[in-house]
Amino acid sequence: MKTATIALAASALALTIMSSHTSAEELRFTVWTGNEAHLKMLNGFAESFKASHPDVSVKFETIPPADYTQKLTFQLAGGNPPDAGWLMEDAAPTFANAGVLEDVAPTLNQAQGYNFADFSKPALGLWTASDTVYGIPFSTSPFVIFYNKDLFDKAGLEDPLALAAKGEWDMARFQEVAKKLKETTGKWGFEFKDGQGYDSRIMHALMPPIRAYGGDVWANKECGFDKPEAVAAVQQLHDMVFKDQSIVPPGEQGDYFSGNAAMTINQISRASLMEKAGFKWGIAPLPTGPGGESPVIGQAGIVVFTAGKQKQLAADFVAHMTNAENVAIAAQFFPPARTSVLESDAFVTSNKLIPAEQMKIVADAIAKGKVLPSHDKSPQILTAMKPRVDALWRPDANVEASLKAVCEAIQPLL
Amino acid sequence: MPAKPTTGIVTQDASTPWLTLKMREAMEAWLFIGPTLAGFLIFFIGPLIAVVWYSMTEWNLLAQQATFVGLDNYDDALFRNPDFWLVVRNSVIFALGLVPFNMALALALAISLSRRFVGVVFFRTVFFAPVVTSAVAWAIVWKFLLQGEAGFVNQMLAHIGINGPNWLREPDWAMAAVIVTRVIKMVGLNMILYIAALQAIPRDYEAAARLEGASNWQIFRLVIWPLLGPTTLVIMVITTIGSFKVFDHIYLMTGGGPENGTLVLAFYIYKQGFEFFDVGYASALAMIMFVIVMVLTLVQLALRRRDT
């Protein structure tokens, strides 16, 4: 009898433990980054969320950036939706139009001390439609020039940061130093973002110079690739690739991060790769051009998926992750859209790898920049562009004719 | 205890007296093939029927909205979409380049390696190894080797005074490069099939022909080659089907570029379905590909029957 009582009590205890375990909830959150420092920070947000939601854990699931949107779509369509996730700017309109993003406005409005008005209005452009909030910009990250200081010193050249301070960092000077760097160091003068400027990063390669020349890739549903400003900008890049041979050409590997190119264009989230770079480096603004200063911003937001099983909880976590305190923490990697954080001293000193004076460049670019173009037919537009842009990157290409062909291909989609 | 002697006569099972022997045997057979049949129906026939249905819908994967559009997707692909015919042309060029090259090389290797000599196993392994190598690793390594000036291939060519092209960035060369690298990857499989077929031919035939005064070429053309017919047909069919289905190689090496020069049918279907999320259109393209491959296979079978 005594044994039976003990067994009964043990079973009851086990059942209690099991039932308390199953009442704990887990949110699944997809992100593009697998970087250790980024994940540590994100897990920190999950940990602090436990203060208000002790039974909730958050699992961050990394999907590599090249496949991110596609795999996310499969998860949503395949009945295995994450609760919340990171969304790139080029996918935002497509996802919003498809109705797969949850309106988080009610949750944000009720979140204590959230202060939604703190977010910069232009930065919210992609993520809001009247009173509906499809997502919160989590990274409003301008493109900057990363440069290899050692290679500039070896070539006896002033670095881009010094040139920018003197107001001499423009597209002409950019071409000039890239050429000299190649001639004197034997390393490439410049590499497009992640070495993908001819393939998956076409927009990141063409957009900054086109805007520096005062053009745009499209505006008000009209293609801008064939406008004189865009033609001049792309002609310069073409000359740098084939005449000066200072930009890593199509079909070659450069890799700024291993010291094989003196400059590249990227965002400060990539600074975490520089910790073990083995050379002195810095960041500088994008070169100006006839169009003046025209920083380009890449943006990503965090969203809640309508197909998710725990939408309210996910929205609560989004509110937590984007409160002023956490945005300030994230700012070291992912520049904020909250003006209070952006204007604070804490922001310019947030990144251990980037000196405050260089972080001011980032803050300045966010204030003045324009987000990369987005469209709900982005995948189709990029696919239509790709073969015409391929034709552009032939040594004997007629740049103007190639860009005209780009416009003919994408205009019906705009 | 001695084993119970068997009479060889199957008697009615006392536990299932209502079943005849024939019925019981049939039931056992169904039970044995049941699991495989279920898998075949669920994972092969089911999706095949589903694709026919999907191909008649306009289905956005992301929005999960499907509208019946009849044959509109087929009409669009065949008569309104100029890219479709470009893609078919590329697929045909790929197949025409790959199939004869692959088969000729496989046969040449098989003839060389079907005889016994020291080191033959080593050479067979060398030529077969790419077949079992990861397709992803294979494509990525070749992408590096085929870089412009810095690529290993061009550096080797430069040693003998040849200025190699930018293999994967020039449309004509890109197609040639993907065909050749694909052939090197897959030729080992066909080589093994040919070696097996060659070794199955009785040596007496060759000896008899030689006694009659036949030359090596005559022995190959009039004795060996006709006997290799069934194997050649199998190889031709699987290589042709494989060439139309090629995806990973193109995806990793050229992404369909440059200038759509290597955009083949399977990759185009992938783009429609998994980049534009237009599942209906992608399904229609898949059905068209199915028909093309089926027709080619039937033609090959008919030609073979006529020859024999």
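Helices here (H or I, at least four residues) and strands (E, at least two) are DSSP runs, numbered from the N terminus. What you're looking at is a predicted model, where local features need pLDDT of at least 70, side-chain atom pairs count only at pLDDT 80 or more, and totals for chains, interfaces and linings use all residues. Residues are numbered from 1 along each chain as its sequence is written, and chains are lettered from A and ligands numbered from 1 in the order in which they are written.

On confidence, pLDDT is the predictor's own score for each residue, from 0 to 100. Chain A averages 89, with 94% of the residues at 70 or above. Residues 15-22 of chain A stay under 50, and the model gives them 0 contacts beyond four places in sequence. (A contact means C-beta atoms, placed from the backbone, within 7 Å.)

Now for two helices, one from each chain. The expected span is 1.5 Å times one less than the number of residues.

| Helix | Residues | Length | Span, first to last C-alpha | Expected span |
|---|---|---|---|---|
| H9(A) | 171-185 | 15 residues | 21 Å | 21 Å |
| H9(B) | 216-227 | 12 residues | 15 Å | 16 Å |

Are their residues buried or exposed? Buried means 20 or more other C-beta atoms within 10 Å of a residue's own, exposed means 12 or fewer, and partly exposed is in between, with C-beta atoms placed from the backbone. In H9(A), A:Met171, A:Phe174, A:Gln175, A:Val177, A:Ala178, A:Leu181 and A:Lys182 are buried. Their cover includes helices H7 (149-154), H10 (202-212) and H11 (228-242) of chain A, plus strands E8 (188-191) and E11 (261-266) of that chain.

Beyond four places in sequence, the contacts of A:Ala84 include A:Leu27, A:Phe29, A:Ile302, A:Phe317 and A:Val318.

Finally, chain B splits into domain 1 (1-54) and domain 2 (72-307), with bounds from an automatic or database domain assignment. Their C-alpha centres sit 41 Å apart. Where the chains meet, 22 residues of chain B contact 22 of chain A. Helix H12 (residues 265-275) gives the most to chain B's side, with 3 residues.

Notes
Contact = placed C-beta atoms within 7 Å.
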